[in-house]
Amino acid sequence: MTGKLFDVPRRGPAGLCALLALAGVIMLTAMADSTMQPLPASAPDGEFSAERALRHLERFATEPRPIGSRAGERARDYLTGQLRAAGLDARVQRAIGVNPSAGLAAFGQVDNIVATAKGSDPTGTLVIAAHYDSAAMGPGASDDAAAVAAMLETVRALKGTPLRNDLVLLMSDGEEDGVLGAEAFVREHPLGRAGGVLLNWEARGVSGPSLMFQTSRNNAGLVETFANAVPHPRGDSTLGELYRLLPNNTDFTPMAESGFTGMNFAYIEGSSRYHTADDSLAHLDRGSLQHHGTNMLALTRALGGADLGALPADHDVTYFRIFGTMVTYPNALVWPLAGLAAAAVAGLAALARRRRLVSLPRLAVAAASGVVPLLLAAALAQGLWEVMVAWRPAYDGMGGLLHRPQAFQAAVVILAALALLCWYLPLRRRLGPAALAVGALVWPAALGLLCAQVAPGMSYVLTLPALFCALGGTAAILLRGAVGGGAAFQVAAVTVGAVVAAALLPALARTAFDGMGLALGGVPALMLALFGLTVLPIVELCLPERRQSLVPLATAGLAVLLVPIGLARDAFDPANPMRTHLAYVMDADARTASWVSADVEPPAWTRRYVSGHDTTPLPPGYARGTSLWTGRAPAATGAAEPRVTVLGRDGDTVRLRVTAGRAARSITLRVERPITAATAAADGMTPVSVDVTGVRANTWPGEIRFRGLPATGAEISLRVPGADRFRLTAVAETDGLQRVPGFVPRPKGVVAATREDGDLVAVTRTYEISAR
């Protein structure tokens, strides 16, 4: 029994029409996920205008604003002045924020801007949050100045319409160095400790729709408000599940952990410019700014006037958009729907067996072997990335987030199709198209059940395609032999059944491309392979009966051809620059200096400074990584130098006084032994302590950072168990390389890499800390 689910006299045209219909669904879904048109400054006063918000960006978002910088101070003063002029009570919270990670305690002096407006009859507090600091490499027009400017424009649009609930605007500092400002806000500020409903706004690119990508637990009331209040809602519950896979967090993380309920928003397209000099006003998509602000204004009005006490729920919901409509249902339905999909696939298998289209052994082999195209598609996509990096090493520093990735993304699509064909064609005659089509649906159904357990918000994207494709296949079998156009109805039934899969799975793959890049191309490839499994009966109509081997050969050839096309199209130029890492390191003890680069293959400009891999001239404990490029550099005069004074020692705990010298923004202490706790204190601020676990990789095992170090320095205590004597290297860090003798600025087409120790003048001193 090696039959087909259905057959039609004119197989090719029927299959082509079905594929075109599904392609239309994919295109319509992509168009429905677009962003908004920006409104001009002449828009009505009660509406959000991207052009009006842009005027604020032109005042404070044209230069990098890292924590502790003069530019950050200028931005803080401007923003505070604007909030006060709008009638809000705006104050600055100065505190020490902290963020521990493996072997590391990261501290920083933060200046959070906290503005408040009293509600007319408050039922709670609504907090709108975004960070005004930027990465040191660029002006951060999108990340996160666009959201900060949107807050100012939202306040203007609300003027004259007082809200019922108390409103807090939190413009946090130090987010880029480990959500330091948000951590200090919830730990020390009375409004942070009080909790409330949070709307946090971010960006991981320079364009695209504003996506609601994360919620707090028990989100039913939040999602209902979002779906009803926002005129152009974008985002779904899969984003939160995928976000957990990425090594990122935002201010939302410490605030949600401290008890805030809320939603997190970001736009993520154009991510090749994220954390670089190109995150600028020139590249900011005005439509993304408009979408951010329109959502912010709508939700502020809705939640500002709602009974916040009635907002909490006792359950989560699954939510997604399909054909322009927001669908939500309680997560209590996740398991029943997953079970229904599995039952529908089982019913299809039973019907196919009863109609003698499949045998149980063949069906079992088909189902078991269905994992092959999934794994093969993911492996081929990851292999493609390795080829790309080998051909163009500069891609390694971009983390898979390319300027013009379309040809490579198309190659991933083709490779997913190739994986399916390499599995399907050899088994087509032995097992039969029906067995393969039915067995293939086992995988989205089974993975839907798995997600119901481990990632409920993502289950629908697998469960619903399996369910509707199984129903379409069942209808096609029941229509076999029907009088009056039965063949056409069979094709239509299978095509309609695949519409949900076409609307959900390619869209998820597109989001994965935007959020994860080609370095994790195996994720979208897996989604695309799953989509291919759901449309096998339609693919079968398009395959030739003879010379089948030509199909995978042609597919492989197309994938290979797309690689040089992608390399040619994505060539670096001034409008789409490459990244390179460079730092200047001077050992103040030895009075020697080196250039350092972590590039895999430094470009011509960087090779002016580095020439080999000799790390022996570097200060003790400085080297981070095993393949650094280095080169001799002249010793700079007048550079800020660190100073460390031992104040005392009590057992394993050492108290130090540290300063970084004039113009230095930060200090880093690297310790040759593991540390288990650290405390930081500075004048006028509450001391902060944190436990430290693990060790730093590829460098000395213990590390303490203090970003935005006050001019008077700070007192640092660290616990180093079992170490009577150990070395400590202090690194004073100053932004920019312009003052180094012989430095030539980067040419157009080259920007600083996103590694945090790049574009720094790092001056070190090494100290021997003993028991006495």
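In which sense do β11 and strand β12 pair, and over how many bridges? That is where this note begins; please keep in mind throughout that the model is a predicted one.

1. **The β11–β12 hairpin.** The pairing of β11 with β12 (residues 592-597) is antiparallel and runs over five bridges. Within that pairing, Ala-583 sits opposite Val-596 of β12. Four residues separate the two strands of this hairpin, and in the turn Arg-591 takes a positive phi of about 60°.

2. **The other partner of β11.** Strand β11 also pairs with strand β23 (residues 760-769), this time in the parallel sense and over four bridges.

3. **How β11 is covered.** Strand β11 spans residues 583-587, and five of its five residues are buried. In a regular strand, side chains alternate between the two faces of the sheet. Here both faces are covered: one side carries Ala-583, Val-585 and Asp-587, the other Tyr-584 and Met-586, and all of these are buried.

4. What is the make-up of the lining by class? It divides into 25 nonpolar residues, two polar and one charged. Helix α14 contributes the most, with seven residues. The elements that each supply at least two residues are α1 (11-32), α14 (406-431), α18 (486-516), α19 (522-534), α20 (536-542) and α21 (550-569).

5. **Cavities.** A search of the whole structure turns up five cavities of 30 Å³ or more. The largest cavity has about 90 Å³ of space. Two or more residues of its lining come from each of α17 (460-478), α18 and α19. Helix α17 provides the largest share, three residues. Among the lining residues are Leu-5, Leu-348, Cys-469, Val-494, Leu-533 and Pro-537. By class, the lining counts nine nonpolar and three polar residues, with no charged ones.

6. **Helix α3.** Does the length of this helix agree or disagree with what its residue count predicts? At 1.5 Å a residue, the 16 residues of α3 (residues 70-85) should span 22 Å, and the end C-alpha atoms lie 23 Å apart, so the two agree. The buried residues of α3 are Ala-71, Gly-72, Ala-75, Arg-76, Tyr-78, Leu-79, Thr-80 and Leu-83. These buried residues pack against α2 (50-60), β1 (89-101), β2 (104-117), α4 (141-158) and β4 (166-172). After α3 comes Gly-87, with a positive phi near 95°.

7. **A cis peptide bond.** I would inspect the bond between Asp-143 and Asp-144, which is cis, with omega about 10°. Asp-144 belongs to helix α4.

8. **His-189.** This residue is found in the loop between α5 (180-188) and α6 (190-194). His-189 counts as buried because its relative accessibility is 17%, and buried means under 20%. Leaving aside neighbours within four places in sequence, His-189 makes contact with Gln-93, Val-114 and Ala-184.

9. **Ser-689.** Ser-689 is in strand β18 (residues 688-691). With a relative accessible area of 54%, Ser-689 is exposed, the cut-off being over 50%. Not counting residues up to four places away in sequence, Ser-689 touches Ala-678 and Thr-679. Ser-689 and Ala-105 are 584 residues apart in sequence, with their C-alpha atoms 9.3 Å apart in space.

10. **Two loop residues with positive phi.** Phe-323 is not a glycine, yet its phi is positive, about 55°. Phe-323 lies in the loop between β8 (317-322) and β9 (325-330), and its 52% relative accessibility makes it exposed. Arg-356, also not a glycine, has a positive phi of about 60°. Arg-356 falls in the loop between α11 (334-354) and α12 (360-369), and at 58% relative accessibility Arg-356 counts as exposed.

Technical notes: Residues numbered from 1 in each chain as written. Predicted model: local features only at pLDDT ≥ 70, side-chain atom pairs only at ≥ 80, totals over all residues. Heavy atoms only, no water. Buried < 20%, exposed > 50% of the residue type's maximum accessible area, 1.4 Å probe, protein only. Pairing = 2+ DSSP bridges. Nonpolar A, V, L, I, M, F, W, Y, C, P; charged D, E, K, R; others polar. Expected span 1.5 Å × (residues − 1). Contact = heavy atoms within 4.5 Å. 1 Å grid on protein atoms, 1.4 Å probe; cavity = no way out; pocket = protein on both sides within 12 Å on 5 of 7 lines; lining within 4 Å. Points joined across faces, edges and corners; volume = space filled by probe spheres on them.
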